[in-house]
Amino acid sequence: MLYPIKVVDIELSKAIPTFDDLENYMGLQGLVRIHGVPLGYVKAPISLGKCTASTLSKLILGEYSEKIICQLLKNGLASPHCPANFKLEDLLNLPPVEYVQEWPLVTVAVCTRDRPDDMKLCLEAIRKLEYPHLDILVIDNSPQTEATKELIDIHYPEVRYVREPRPGLDWARNCAILEAKGEIIAYTDDDVVVDPSWVKAIAQTFLEDPEVMAVTGLVVPYELETEAQVLFEEYGGFGKGFLRHEYQVSIDKPMPWWMLGAGQCGTGANMAYRRSVFSKIGGFDPALDVGTVTNGGGDLEMFFRIIREHYLLVYEPTVIVKHRHRQSYEKLKTQITNNGIGLYSYFTCGVKFYPEMFWTFLRIGLWWFIYWYIRRAWISFKHPTKIPAELVWIELTGVFIGLRRYAKARQQVQEIINKFGGQSPSQTNLETSRQLFPPVSTENITDLAAPISSEKHQTPKLKDSVGVRQIHLEKPLTMVSNIENYPKTLLVFTWHDDPIGSYEVENKYNSISCRKLQDILLKHFSDVILCKLLKLHKGNHWSIVYNSLLNFYNAQTSSQPPRLPKNVKVSINLATFDRPDDLRNCLTCLQNQKTEREVEIIVVDNHPQSNLTPPVVAEFPNVKLVIETRQGLAYARNAGFVASTGDIVIATDDDVTIPTDWLEKLVAPFVRSDVMIVTGNILPLQLETPSQQFFEKYGGLGRGFERFEVKADWFESSPRYAIPTWKLGATANAAFRSTILSHSKIGLMDESLGPGMPSGVGEDTYLFYKTLKVDYTLIYEPCAYLWHKHRQDIMALRRQIYGYSKGHVSYNLTTWLRDGDWRGLYQIFVALPLYHAGQLVNCFLRKNDYPLSLIFLEIWGNLAGPWSLWRSRIRVNREGYSALRSNPNQE
C-alpha cells in the first residue's frame, strides 16, 4: 500500500497549480472542483518532488472533460449574466447561481467527548464558514475533563457549550435538537474539517425543495499520511460518490428492501435535518452509536426512519466535509470491527421495532452478509489484495457481535435513565408510531416545509391531470411554480420559441427546482443545448468543446516534462556464465552509452571455475567483477544487487546488443516516486535459424511496442486466473529502484527460481509480482529496447523452452505457497491445460507451423514443474540464501 499520499483541492475555475515540496509523498490525490462543485478525484504521480500543472491538466481532462462541460452548461443555463454570443471561456467564468433570498438560521451541532485538539481544528474550520446566520453548538458528551469547555470559553466565545452527562453519541444528538435555535440542524463530528461552503450548500438544498427533510453530503479524506488512513479509504471510506441521489418512498408503496441499507445515504459526520421533522418521527435512538456497546448505527437508523415515513432524504455531493481518518492501524481495526457491530445492531433494532418488516430486514441482512463480507473474505482467501485479510475477517466477526449487542444497549439506556432521568424508548407508543425515541417539541421554530407537509397526505386536487409548462432556454432557468395542483407536468423546452424537446416530470404536486431542471436538460438534451448555446454544428460538437478546454488549460500549464537528475547513480548488474565473446560485446555496448550520469558496471561470474570471465572483464578497467560460486541466475543477480551502490540498478544479460541511448530511456520513468520497476522491449538480433524463428513464435522476449504501466489495481484485476506478470518484460532488460531490494515485503530474487536451478525460470516474474502486490508501479517502456541473441541450435532451444515450462509452473506454485494466491493453482490446473488444448487443435488444423514436438515439450515441462521446484528449494536450503535476504519460509 502506497503512502503517504498528498491530499489537495483543485479548483478548475482558477489556473491549475503545480504542487511542490512533495519529496516525501508517493502520490497525489486531488479533489477536482469547478466553482466549488466536486467532480471526482484525480490521482497523479509525483516527479522529483513535484506534481506539475501539465500532468494534472492532462489527467483531469482525460477523465472529467464531459463532467466539466456539463457543469459549465448547468451554470450557463441558470445564469442571469449570459452574454449574447457564448464562448467556452464565458462559461468557465460563470459560477453556479446562488440563492438570493434571506438565508435561514442554521444550527451547527458538533458532538464531542474529550478530544480538545480535534475540537480546535474543527472549530477553526467552522469559523471560516461562508454563511450569514449561524448558531454554533458544541455538545460535550459525558466528559472526563474540562478541557473542551476551557477551550471554548477562552478561544471561541461565539460558540455555545452544552454538557450532556448521559454517555452516548445519540444522547448528545438529541440534546442538540433540544438546544438548537435554527430551523435546520447540521451535524458533524469533532474529527472533521468542514468546507467553507458546507452550510450554504445544506441550506440551499433545503430551500430548493420544501419536501426535503434530511440532507447528507460528501465526506473526503482530510489527509492520507499513514498506511491506516490509506487503507480506510481503500476499504470504502465515508464517501458516497459525486452524484446527487434522492431517497423517498411513495405513500402508496412499500419501502424497497435495498433502501434498508441506509449506509448508502450518507454518514453521521455530515448530515442535516429540518428540526421540525423530529416532532414527527422522534429523535435518535440512544441505544445506538458511539458511546454504547453497539458503537454505531444511530445515523443509519435515522436515515431509515426518514425514508420509511415517506419524507425525502437527499445526498448532495456539494455538501462537503473532510474527515481525519484514524492514523494507527490498531485504531483502524477497532473502527472496522465497529462497522460490523453497528450495522447489524441497526438491523436488530429494525426487526425489534418494525416486526412487519422482519423479512425485509432479514433479506438486506443476508444480502449484505454475502455480498460484502463473504465475497470479500473469499477474494482475500483466493489471492492477496491491497486490503489485509485481517480487516475483512474482523468486520465479519463484528456482525455476530452486533446481533446481540442491541438488547444489551437498551438495558444500559434504562440504567442511564434511572440515573440521570429522561424518557425511555419503551415509554413511547411503539405499536402505533414505531418511534425509538419520543417526539421533540419544536414550538419555538418556523417550519419551512409546513405548507407542503400539512397537505402531504391529502387527496390530490387533479389526480389524473398533467400540467404543461414551456421552458424558455434563452432565458435564465428558474423554479417552475404554479403546478402544485398537478401530480405530473410536461415540460416543453424551447430555444427562441423553437421546440427542442419535452420531458414529463412526476412532480407530486410540488414546484420543480432549478437544479432539477438542469439535471433533466443535461441528461436528456445535452447535445442540442451544447449546439444551441455555443452555436456549434451537431456531429463534432463534443470534440470542438473538448479541444477548446484542452487549449484553455494547456495555455495555463505549458511546461517541460521533468527529467531524472544527473546525480542519480545507475548500477548495471550483468550476470554471465562462460560466454566471453558475448560478454565482450555487451560490455562494449555498455561503455558506449550516451549519458552524463555516474554509471557502475558489475559483472557477476556465475562459473568462476572456468576462468573465462576475468580476462574479458580485465579489458574494461572500470568494470567491477563479483564472484558467485552458487550456480543459478537468481544467485548471480542477487550478488550483483548486493554489490551495487546505485540509486537505480539495471539487470541485463551477456547475450544482448544495446543501442547507445538505451540507458537514459530505461531510467527516465524513475522521475516518478511511485515507479519501482521499468522494463524495456527485447527484439531479436537475428532470425537466421529455425530455432530462432520458433522461439519468436513461442512468444519471444519482447512485449510489444505500446507503453503501459501496472500496479496493485492490475494485480487484483483477475479474480480467477493468475496475473500474467510474464507479460511485463524480463530481466534481460529491466531496471529497479534499489530501495525495493531491501524492502521487507519485496527484497531480492527468489533463489529457488530461475535458470541454473531445476525450476527453470520465474525469478524475475516473482520479483515483479511482489512489487505490484505492495502497490508500486511497473512501467513497460518500449523505446528502451535492446537486441537479444536467441539460441541458434534446436537442442539449446528445447532446453530453453523446457526450462520456461517448468519455471511457469514453479512460479505459480510459489505464489500459492508463499503468498496464498490460489490463482496460481487455477493457472496450473485449468488455464494451462486449456492453453495446450488450443495449441494442439491449431496444430492439427494447420493454423500455425509451431512444431508439435515443442508443444509436447512444453506439456512435459509443466508436469515436471512441481518436482523441479521441490528440488530447487532443497538445494537453496543446502547452499543458503543471498546476503541481506532471510529465509522466506520464516517470514
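Student: Which residues of helix 3 meet which residues of helix 4?

Tutor: On the side of helix 3, Pro 116, Met 119, Lys 120, Leu 123 and Arg 127 take part, and they meet Ala 147, Thr 148, Leu 151, Ile 152 and His 155 of helix 4, where contact means heavy atoms within 4.5 Å. The residues of this contact divide into six nonpolar, two polar and two charged, with Ala, Val, Leu, Ile, Met, Phe, Trp, Tyr, Cys and Pro counted as nonpolar, Asp, Glu, Lys and Arg as charged, and the others, Gly among them, as polar. This is a predicted model, in which local features need pLDDT of at least 70 and side-chain atom pairs count only at pLDDT 80 or more, while totals for chains, interfaces and linings use all residues. Residues are numbered from 1 along each chain as its sequence is written, and side-chain values use heavy atoms, with hydrogens and water left out.

Student: How is the packing of helix 3 and helix 4 described in numbers?

Tutor: Two packed helices are described by the angle between their axes and the distance between the axes. Helix 3, which covers residues 116–127, and helix 4, which covers residues 147–155, pack at an angle of about 35° with axes 10 Å apart. Their crossing is right-handed. Helices here are DSSP runs (H or I) of at least four residues and strands are runs (E) of at least two, both numbered from the N terminus.

Student: Why is Val 194 called buried?

Tutor: Its relative accessibility is 5%, and buried means under 20% relative accessible area (exposed is over 50%, partly exposed in between, with a 1.4 Å probe and protein chains only), so Val 194 counts as buried. Val 194 lies in strand 8, residues 192–194. If residues up to four places away in sequence are not counted, Val 194 touches Ala 125, Ile 126, Leu 129, Thr 188, Ile 320 and Val 321.

Student: How do you know that the buried residues of helix 22 are on the same side of it?

Tutor: The buried residues of helix 22, which spans 690–698, are Ser 691, Gln 692, Phe 694 and Phe 695. They cover an arc of only 160° around the axis, which puts them on the same side of helix 22; the arc is that of the directions from the helix axis to the C-beta atoms. What covers these buried residues includes helix 25 (794–819) and helix 27 (852–879). Just after helix 22, Gly 699 takes a positive phi of about 145°.

Student: Why is the pair of Tyr 273 and Phe 284 called edge-to-face?

Tutor: Rings of Phe, Tyr and Trp (its six-membered ring) pair if their centres lie within 6.5 Å, and planes under 30 degrees apart count as stacked, over 60 as edge-to-face and the rest as tilted. By this rule the count comes to 43 aromatic pairs. The ring centres of Tyr 273 and Phe 284 are 5.9 Å apart and their planes stand at 80°, so the pair is edge-to-face. Tyr 273 is in strand 11 (residues 270–274), and Phe 284 is in the loop between helix 8 (278–281) and helix 9 (298–308), eleven residues apart. Tyr 273 is buried, at 0% relative accessible area, and Phe 284, at 0% relative accessibility, counts as buried.

Student: What makes the pair of Tyr 346 and Phe 347 tilted?

Tutor: The planes of Tyr 346 and Phe 347 are 40° apart, with 5.2 Å centre to centre, so the pair belongs to neither the stacked nor the edge-to-face class and is tilted. Both residues are buried. One aromatic cluster is formed by Phe 304, Tyr 344, Tyr 346, Phe 347, Tyr 354, Phe 361, Phe 369, Tyr 373 and Phe 400.

Key: Axes fitted to C-alpha atoms, helices over the stretch in contact; angles between N-to-C directions. Left-handed = near helix turned anticlockwise from the far one by under 90°.
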